[in-house]
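Please find below my note on the model under review. It is arranged as numbered points, each of which may be checked against the coordinates.

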Amino acid sequence: MKILKYTGVLLMLLSACTKDNDKVAGTDENNRLTYVIDDNKFNFSAFSTALSRTRYRTTLAGPGPYTVMIPDNNAFSKAGYSTDQSVLVEDGTILGNLVSYHVVNGVWELNKLPFKFNQEIAAITGAKMFVTRWVKGTDTLLTINGTPLLAYNLPASNGVIQVLDNVLQPLVHKTLSDAISSDTTLTFLNVALQQAGMKQLLTTGNTYTFFAPSNTAFRSAGFSSADSINATDPAVLRELLQYHLFSGRKFIYDYILTTGDSNQTEQAMLNGNNVKIGLLKSGVKYTGISITGPGNTAAAQVKKANVMAGNGVLHIIDQVLKENQ
């Protein structure tokens with residue numbers, strides 16, 4: 001239903017751009033991106049409010065062209081901004097980082113990209129983002145940083161709008177090591193990486209995906225404190241941690257796009273062994289994944305997905321993955 005709603009918006013905008021009395025697209029200041037965003041308050045009011053707190057409103061009123069990745073109001077609500085007022089009172093620096101990460105120089109018609117995973121483009125600040133175009137069943141799907149597009153190529157005279165299902169998290173960490181060190185829910189993991197001599201691995205130019213156990217996950221696995229981790233044989237910790245990461249960048253939705261009708265697949269980890277990946281659904285909609293090692297009595301759940309770093313991505317999970325009973 002939402003796709004049909006945005007399709008209707010697209011048709012109306014296309015019609016507005018082709019009236020006989022309109023100026024040539026690209027010079028019509030009355031149909032620039034800021035006008036289109038403000039004219040669609042029902043869907044974009046939260047983003048419009050964020051935009052008004054930054055210098056990028058002036059940018060998007062200029063000649064451009066620009067591509068704007070706009071999370072709709074439902075996406076802002078999922079990110080913790082339940083009303084436009086909650087956006088209005090947010091810290092200005094946070095909003096500046098958020099908005100700037102959703103603006104790209106030039107016109108990017110994402111549906112014309114090759115069928116390929118995680119094709120790199122850059123936000124207006126130079127921060128990387130990753131676009132996937134792939135086929136799932138009979139549908140061709142587009143994602144940015146693992147976030148599905150709800151509609152694409154809504155036109156303005158100075159660019160286009162892509163509509164997102166989630167707010168993109170700005171890329172603020174250069175390395176996975178930095179991302180882990182800065183997260184207070186991952187202090188046990190940070191200590192384990194130090195004790196295992198693996199911090200350097202996550203600061204290199206190599207790219208990794210890390211299923212990162214939270215502090216609660218480590219406690220449930222028998223590590224009652226950071227001291228108990230420091231008392232563990234580094235070789236044991238290396239084997240444990242290498243069962244939680246693998247080379248390459250993989251977002252949660254990538255599994256949804258590549259897993260067949262069984263909704264089950266496997267992922268090879270850095271130590272050469274596999275974990276089982278199960279797709280989660282609510283009705284007909286895929287909502288995420290679970291991860292299970294042979295020694296886990298229940299599947300681990302992803303508590304926070306797609307935490308970006310310059311050299312990979314973190315998915316914070318609620319259990320330590322176990323290779324053996």
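The points below cover the basis of the model, its strands and helices, and its aromatic rings.

1. Basis. This is a predicted model, in which local features need pLDDT of at least 70 and side-chain atom pairs count only at pLDDT 80 or more, while totals for chains, interfaces and linings use all residues. Residues are numbered from 1 along each chain as its sequence is written, and side-chain values use heavy atoms, with hydrogens and water left out.

2. Strand 7. Helices (H or I, at least four residues) and strands (E, at least two) are DSSP runs, numbered from the N terminus. Strand 7, residues 159–164, is mostly covered, with 6 of its 6 residues buried; buried means under 20% relative accessible area, exposed over 50% and partly exposed in between (1.4 Å probe, protein chains only). Gly 159, Ile 161 and Val 163 point one way from this strand, whereas Val 160, Gln 162 and Leu 164 point the other way.

3. Partners of strand 7. Two strands are taken to pair if DSSP finds at least two bridges between them. Strand 1 (residues 66–71) runs parallel to strand 7 and is joined to it by 6 bridges; Met 69 stands opposite Gln 162 there. Strand 6 (residues 147–156) runs antiparallel to strand 7, with 5 bridges between them, and Leu 154 has Ile 161 as its bridge partner. A hairpin of 2 residues connects strand 6 to strand 7.

4. Met 129. This residue belongs to strand 4, residues 128–136. Is Met 129 buried or exposed? Met 129 is buried, at a relative accessible area of 0%. Not counting residues up to four places away in sequence, Met 129 touches Met 69, Tyr 101, Val 104, Gln 119, Glu 120, Ile 121, Ala 123, Ile 144 and Asn 145, where contact means heavy atoms within 4.5 Å. The C-alpha atoms of Met 129 and Pro 170 are separated by 9.2 Å, although the two are 41 residues apart along the chain.

5. Helix 3. Because 9 of the 12 residues of helix 3 are buried, this helix is largely enclosed by the rest of the structure. Among the buried residues are Phe 44, Phe 47 and Leu 51. The helix, residues 41–52, spans only 13 Å between its end C-alpha atoms, whereas a straight helix of 12 residues would span 16 Å at 1.5 Å a residue. The expected span is 1.5 Å times one less than the number of residues.

6. Lys 78. This residue lies in helix 5, residues 73–78. Leaving aside neighbours within four places in sequence, Lys 78 is in contact with Asp 165 and Asn 166. Lys 78 and Ser 177 are 99 residues apart in sequence and 27 Å apart in space, C-alpha to C-alpha.

7. Aromatic pairs. Rings of Phe, Tyr and Trp (its six-membered ring) pair if their centres lie within 6.5 Å; planes under 30 degrees apart count as stacked, over 60 as edge-to-face and the rest as tilted. By this rule the count comes to 6 aromatic pairs. The rings of Phe 211 and Phe 246 have centres 6.1 Å apart and planes at 55°, so this pair is tilted. The pair links distant parts of the chain, with Phe 211 in strand 8 (residues 208–213) and Phe 246 in strand 9 (residues 245–247), 35 residues apart. Both Phe 211 and Phe 246 are buried. Phe 188, Phe 218 and Phe 223 form one aromatic cluster.

8. Tyr 286. A charge sits over a ring if NZ of Lys or CZ of Arg is within 6 Å of the ring centre and within 35 degrees of the ring normal. The charged end of Lys 136 sits over the ring of Tyr 286, 5.1 Å from its centre. The charged end of Lys 281 also sits over the ring of Tyr 286, 4.8 Å from its centre.
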